[in-house]
Amino acid sequence: MSAQSSFYVTTPIYYVNDEPHIGHAYTTVLADVISRFHRLSGQETFFLTGTDEHGQKVLTAARARGVDPQEHCDEMVQRFQRLWERLEIRNDDFIRTTEERHERVVLDFVRRIDAAGDIYDATYEGWYCIPDERFWTEKDLLAGGNCPLCERPTTKLTERNYFFRMSRYQDWLIEHIRSNPEFLQPESRRNEILGFLRKPLGDLCITRPKSRLGWGVPFPLDEEYVIYVWLDALVNYYSAVVDRKRPDGSPWWPADLHLIGKDILTTHAVYWPTMLKSAGLPIPRTILAHGWWLVEETKMSKSLGNVVKPISMADRYGHDAFRYFLMRDMVLGQDAGFSEESLVGRINSDLANDLGNCLNRVERMIDKHCARTVPEPGASGAEEQELERIGRRTAEAVPALIGELKLHAAIEETLQMVRATNRYLEVKAPWKAVKEGGTAAVASTLWFSTEAIRLAASLLSPVMPAKCGEALHRLGVLEDPAELVSRPLRADQIGWGLLEPGTEIRPGAPLFPRIEQT
Ligand code: MSP
């Protein structure tokens, strides 16, 4: 992980109209896990999420319900806020684009672009996709005139509007991407944007006439217009932190990491940096585009009825197990398949069989043979040295993998250590050794295996704060089992050799009961 002392991570702001689904849950859990890792390593961390509340879709939905659009947003936003609570997301701020604190900054941002001489007006003819709120030129359209993004029909419009001279920043952007390899990740997305930038970059229409669409931030240069919803939305990353300072007194802006889905790459990797450049503001350090969760290899959609609802998954399987699955089963940058069978399979194999079982074994043995107290390790043989080597390697590898944003690999590395511990227990068979009178050897076996499971629970705590907190409470490391939900471990609690002999443990029921598939 980077050595800087603070870290700012964001999720996209979600369309307030949408019913939260697994895609929203994924990015937000990812940001939560990443920010928990950064906090754990001692960095002051700022984690922002929120909702995108302007535009045609919100207005249409509010009208269909016969309510005022603001009232509509105030109701809808709660679905996201409730979900984040349910998944134990600890964001530091929640920004809504209808808030005054945001609108004020958007106005200032537009004025800065104008002061740079980058706004002009022109009459424009194009094909407009209402659901995506985007104009297309004729050559962009699919056969039959449909939107190339969502494949729905478009409407031809001729309008006078205001434009941002985005084309002016094309060469600068190409150079920035080329000389900052960490800016766009993964590399495939960086290449995609460099490919896109081989064609001349057009200017960007940044207004909508009020006569057609009134639900937006008023355009400060002409009262007949509101600001294009994407300009308004992107500025959230800046507006939320404009008045805040990092611990060293420097501004929170620019963000260290924008997490997004691959479908909103162009807006983030092209519109946003060019707008910032024009406004004279710094560019975010990294934009990482993840893949899609697919259901039976197709996109989720309301019409197919295959939308995965995160609340039902958390209710059915526990929120920590669901968080674990999301982080373990998607290789960052690639698409991943979702099915309840794969979720249950993952819980049963990694969490019940490997992690839960290992914890349960050491708890039972210490309970029975060591008066519930962590024994002194005593002498270590080849197997103990091997387990210690694995433990030390894992404690080093995990933070490095998190720094490289390879969360699935960091989790897998930790599980490898848990599996090695289970194998070690089978080889040493302390349950047999105890009958044969080898008390000192049993004490060593139990100290080494308990230390490995303590380390595993510590390394997994950003992914499963409640379950790992409970595991560490049982091992006598934490007084309060719920502590990790809101406060991370300290960096000096991660490492090999920290388990204190003499600590009283608190054995309990299986942490992850096996789920019987019906
Ligand atoms: N409001 C815009 C973002 C503005 S950010 C300045 C938006 N909102 S959204 O609610 O439609 O989508 C939010 C995120 O969810 C996007 O990153 C999108 O890629 C992601 N996902 C939507 N469906 C998804 C999956 N099936 N799988 C993974 N993520 C997906 O776009």
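Which residues lie nearest the centre of the largest pocket? They are Asp18, His21, Asp263, Trp292 and Lys299, out of the 40 residues that line this pocket. The structure is a predicted model, in which local features need pLDDT of at least 70 and side-chain atom pairs count only at pLDDT 80 or more, while totals for chains, interfaces and linings use all residues. Residues are numbered from 1 along each chain as its sequence is written, and side-chain values use heavy atoms, with hydrogens and water left out.

**The largest pocket**

- A pocket here is an open set of points on a 1 Å grid over the protein atoms alone, where a 1.4 Å probe fits, with protein on both sides within 12 Å along at least five of seven lines; lining residues have an atom within 4 Å of a point.
- The largest pocket holds about 1600 Å³ of space, a volume being the space filled by probe spheres set on grid points joined across faces, edges and corners.
- Two or more lining residues come from each of strand E1 (6-15), H1, helix H7 (229-234), helix H8 (236-239) and H9; E1 gives the largest share, four residues.
- Helices (H or I, at least four residues) and strands (E, at least two) are DSSP runs, numbered from the N terminus.
- The lining has 16 nonpolar, twelve polar and twelve charged residues, where Ala, Val, Leu, Ile, Met, Phe, Trp, Tyr, Cys and Pro count as nonpolar, Asp, Glu, Lys and Arg as charged, and the others, Gly among them, as polar.

**The second largest pocket**

- About 1000 Å³ of space lies in the second largest pocket.
- Among its 32 lining residues, Arg134, Trp136, Asp140, Phe196 and Tyr271 are the closest to the centre.
- Strand E5 (134-136), H6, strand E8 (204-205) and H9 each supply at least two residues of this lining.

**Helix H10**

- In H10 (residues 310-317), Pro310, Met313, Ala314 and Tyr317 are buried, meaning under 20% relative accessible area with a 1.4 Å probe and protein chains only.
- These buried residues fall within an arc of 95° seen down the axis of H10, so they line one face of the helix; the arc is that of the directions from the helix axis to the C-beta atoms.
- A handy rule: an α-helix has 3.6 residues a turn, so residues three or four places apart point the same way.
- The buried residues of H10 pack against helix H1 (22-40), helix H3 (69-86), helix H11 (319-329), strand E14 (336-338) and helix H12 (340-369), with contact meaning heavy atoms within 4.5 Å.

Technical notes
Buried < 20%, exposed > 50% of the residue type's maximum accessible area, 1.4 Å probe, protein only.
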